[in-house]
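Have the structure open as you read.

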Amino acid sequence: MCKFVGKQLTAYSDKAIIMTDIKDKKIAIFGISRLRMGTDGKGITTLVAMMGCPLKCRYCLNDRCHYDVGGNGDGSDGHTLTPGIHWVTPLELYEMMKMDNIYFQTTGGGICFGGGEPTTQHAFITAFIPLCPSHWRFTIESSLSCTTDAIEALAPHIDEWIVDVKDMNSYIYREYTSAEPVVKERLAELMKLVPEEKIRVKVPLITDFNTDADVERSVDELRAMGLRHIERTEYIVKPS
């Protein structure tokens, strides 16, 4: 599997060598969902849901990502972890994921990073991927509410990007997310770094925030950018 050589960690695959300061980085995750098909890329996938997101979407389906994690994972701060939340290093996450290798190998699947906003954990993700067998695929589900540095770091490692744009209209975006829209700029940057066929864009119909006409305007704008893999979706509003 993996072995230590001096101050370096030699990865399972031939993708890279990871320094120990990166391999020791811990992040909080709040969910692992296995044996998924048809939602997170090709083959059978395992979704890893990461804590944290800069958006405050009104109908967030994973609002647990905003919870207080309750500690730093090792008890040194005197606090206990919020139930269901785990702190993991890249190697610890690999040890949790390797049981799914047979499914990934036989179906061409792999890991999907979700959340929350997984691009905010780009250093962790780029430390984790080289620990994995080279036949695993890596997908990321993102709103691209992130920095240019995050996209540049992840671009060489991610096989498929699933991007939820919310709405391309800036006013609608702000009303729904309580954040400034950067998705158009980030999509343009991403398209410079990866082939267009690696990008799948979701355009949702959001009850009380946009209309079918707004969705079509967003689709037209995305097509004008050169994007072809566009899906219309509809958010399910959870009962209050």
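A nonpolar core here is a set of buried Ala, Val, Leu, Ile, Met, Phe, Trp, Tyr and Cys residues joined through side-chain atoms within 4.5 Å. Buried means under 20% relative accessible area, exposed over 50%, and partly exposed in between, using a 1.4 Å probe and protein chains only. Keep in mind that this is a predicted model: local features need pLDDT of at least 70, side-chain atom pairs count only at pLDDT 80 or more, and totals for chains, interfaces and linings use all residues. Residues are numbered from 1 along each chain as its sequence is written, and side-chain values use heavy atoms, with hydrogens and water left out.

So, to the inside. In soluble globular proteins, nonpolar side chains tend to be buried together. The largest nonpolar core in this model has 54 residues, and F113 and F128 have the most contacts inside it. Strand β10 (residues 199-205) gives the most to this core, with four residues; helices (H or I, at least four residues) and strands (E, at least two) are DSSP runs, numbered from the N terminus. Another core, of seven residues, lies apart from it, with F30, A49, V69 and I85 among them.

Now zoom in on F113. Leaving out residues up to four places away in sequence, F113 touches L47, V48, M50, P118, I125, F128, I129, F138, T139, I140, E141 and I158, where contact means heavy atoms within 4.5 Å.

Next, have a look at helix α7 (residues 183-193), where V183, R186, L187 and L190 are buried. These four cover an arc of only 100 degrees around the axis, which puts them on the same side of α7; the arc is that of the directions from the helix axis to the C-beta atoms. The buried residues of α7 pack against α5 (148-154), β9 (160-164), α6 (170-177), β10 and α8 (212-224).

Finally, the rings. Rings of Phe, Tyr and Trp (its six-membered ring) pair if their centres lie within 6.5 Å; planes under 30 degrees apart count as stacked, over 60 as edge-to-face and the rest as tilted. The structure holds nine aromatic pairs. One of them is F113 with F138, stacked at 6.2 Å centre to centre with 10 degrees between the planes. This pair links distant parts of the chain, with F113 in strand β7 (residues 110-114) and F138 in strand β8 (residues 137-142), 25 residues apart. Both F113 and F138 are buried. The rings of Y176 and Y235 have centres 5.8 Å apart and planes at 35 degrees, so that pair is tilted.
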